[in-house]
Amino acid sequence: MVKRIIVKTPGFIGDTIMMTPALELLKEEFTGVKFTIVCKRSCVDVFDGREDIEKIIIDDIKEGNFVIRTIRLIRKIRMNKYEMGFIFHNTLLDALIFKLSRISKLIGYNKEGRGFLLDYSEKLNRSRHYVNSYCHLVNAFLGNKYKKHSELKLFPKETKLFNCLDDFSFSVGFVLGGENKGNRAYPVEKGLELMKILGKHKGINIILLGDINDSVVNDRYEDVLSKTSSSCLNLSGKTTVKGLISCINKLDLLVCIDTSVMHIAAAVKTQFIVLQGSSTSPFDCVRPKVDFGVYLNKSGNYIEDSDLIRQINPFDIVCEIERIMKIADNKCGSILKKVV
């Protein structure tokens with residue numbers, strides 16, 4: 001009977017969230033097993049609140065001396081004598097680290113020529129949705145025993161960050177992206193125009209979210225909103241990932257670009273609008289597998305990636321926000337408010 005299973009997660013928050021249904025398959029198959037997770041520091045909070053996680057080991061090999069940190073990581077894994085390791089990050093290095101950690105059986109995709117390091121491998125099909133890809137690896141190893149996977153799972157905590165806002169207003173969060181998001185970010189001049197329009201809209205709480213890279217742009221948005229709106233809260237760079245998950249769970253609506261927050265919203269069942277331009281992956285492979293969510297894009301004739309998201313007009317976004325508000329109002333008899 002297998003007692004010790006270790007899982008190497010993908011490298012990004014959104015991908016790690018999309019991996020959670022595969023973890024649920026493992027939980028279903030190996031009843032009572034407490035898993036060890038190896039993940040990047042930024043992904044730790046994805047697993048907050050999960051009772052099936054016994055230990056989290058931080059993969060910090062790129063945060064300092066590569067050799068020293070790699071040896072330290074191998075030693076940490078090796079000391080627990082794991083019987084089985086599932087590698088959801090498709091690099092040669094990950095497979096090599098797990099092999100040197102003396103894990104009895106390694107399961108992963110045969111990518112970057114690492115098949116000789118794996119005890120069970122599958123060929124990676126890039127046309128699969130990411131959720132299906134992670135689940136397929138587990139299911140194929142188990143003899144295709146399962147027909148369906150579970151929904152994305154996160155366990156948000158209650159947050160008091162919204163206490164200063166009007167409880168009777170519709171809370172809309174924005175993650176429009178900073179410079180580090182490149183062509184995925186919504187153009188700043190259009191974002192400023194959007195905030196000028198929304199600042200005059202009564203009945204909306206505006207919450208600016210994101211990491212420290214978003215704060216420069218969000219500070220400009222806050223400055224515009226402060227002239228017209230009394231219900232603006234700028235939390236960019238002021239929350240942990242855990243806090244961000246709790247905030248998105250509390251929102252009535254999230255307006256965002258194609259990034260990890262889109263997957264957080266899908267996992268906590270918060271309605272969302274995605275401003276879709278250029279993507280780091282084929283969008284049909286990462287689009288949340290939920291029956292809610294709106295995707296704004298324009299099928300213009302532009303060639304350059306930088307022009308794709310620029311086609312989305314601020315008025316189109318406002319119209320979509322108002323449409324969703326109206327549906328929520330008709331459904332509940334008043335502005336929809338989620339109870340955490």
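Helix α1 passes helix α4 in a right-handed crossing. The model discussed here is predicted. Helix α1 covers residues 13-29 and helix α4 covers residues 130-141; the two pack at an angle of about 30°, with their axes 8 Å apart. Since angles under 35 degrees count as roughly parallel, α1 and α4 are therefore roughly parallel to each other. On the α1 side, the contact is formed by D15, M18, M19, P21, A22, L25 and L26, which meet Y130, V131, Y134, C135 and V138 in α4. By class, the contact of α1 with α4 comprises 11 nonpolar residues, no polar residue and one charged residue.

The crossing of α2 and α3 is right-handed. Helix α2 contributes F66, T70, L73, I74, I77 and R78 to the contact, and helix α3 contributes L93, I97, F98 and L100. The residues of this contact between α2 and α3 divide into eight nonpolar, one polar and one charged.

In α7, the residues L244, I245, I248 and N249 meet V261, I264, A265 and V268 of α8. The contact of α7 with α8 has seven nonpolar residues, one polar residue and no charged residue.

The table sets out the angles and axis distances of these pairs.

| Helix pair | Angle between axes | Distance between axes |
|---|---|---|
| α1 and α4 | about 30° | 8 Å |

The largest pocket has a volume of about 1,300 Å³. It is lined by 46 residues, of which G11, F12, I13, G14 and D15 are the closest to its centre. Helices α1, α4, α7 and α8 are the elements that give two or more residues to the lining of this pocket. By class, the pocket lining has 15 nonpolar, 18 polar and 13 charged residues. One of the residues closest to the pocket centre, D15, also belongs to the contact of α1 with α4.

How many cavities of 30 Å³ or more does a search of the whole structure find? The search finds one. The volume of the largest cavity is about 60 Å³. Its lining consists of D45, V46, D48, L154, F155, P156, K157, K242, I245 and S246. Five residues of the cavity lining are nonpolar, one is polar and four are charged. I245 lines this cavity and, within α7, takes part in the contact with α8.

Methods:
Residues are numbered from 1 along each chain as its sequence is written. This is a predicted model: local features need pLDDT of at least 70, side-chain atom pairs count only at pLDDT 80 or more; totals for chains, interfaces and linings use all residues. Side-chain values use heavy atoms; hydrogens and water are left out. Contact means heavy atoms within 4.5 Å. Helices (H or I, at least four residues) and strands (E, at least two) are DSSP runs, numbered from the N terminus. Ala, Val, Leu, Ile, Met, Phe, Trp, Tyr, Cys and Pro count as nonpolar, Asp, Glu, Lys and Arg as charged, and the others, Gly among them, as polar. Axes are lines fitted to C-alpha atoms, for helices over the stretch in contact, and angles run from 0 to 180 degrees between N-to-C directions. Angles under 35 degrees count as roughly parallel, over 145 as roughly antiparallel, 65 to 115 as roughly perpendicular and the rest as oblique. A crossing is left-handed if the near helix is turned anticlockwise from the far one by less than a right angle, and right-handed if clockwise. On a 1 Å grid over the protein atoms alone, a cavity is a set of points where a 1.4 Å probe fits but cannot get out, and a pocket is an open set with protein on both sides within 12 Å along at least five of seven lines; lining residues have an atom within 4 Å of a point. Grid points are joined across faces, edges and corners, and a volume is the space filled by probe spheres set on the points.
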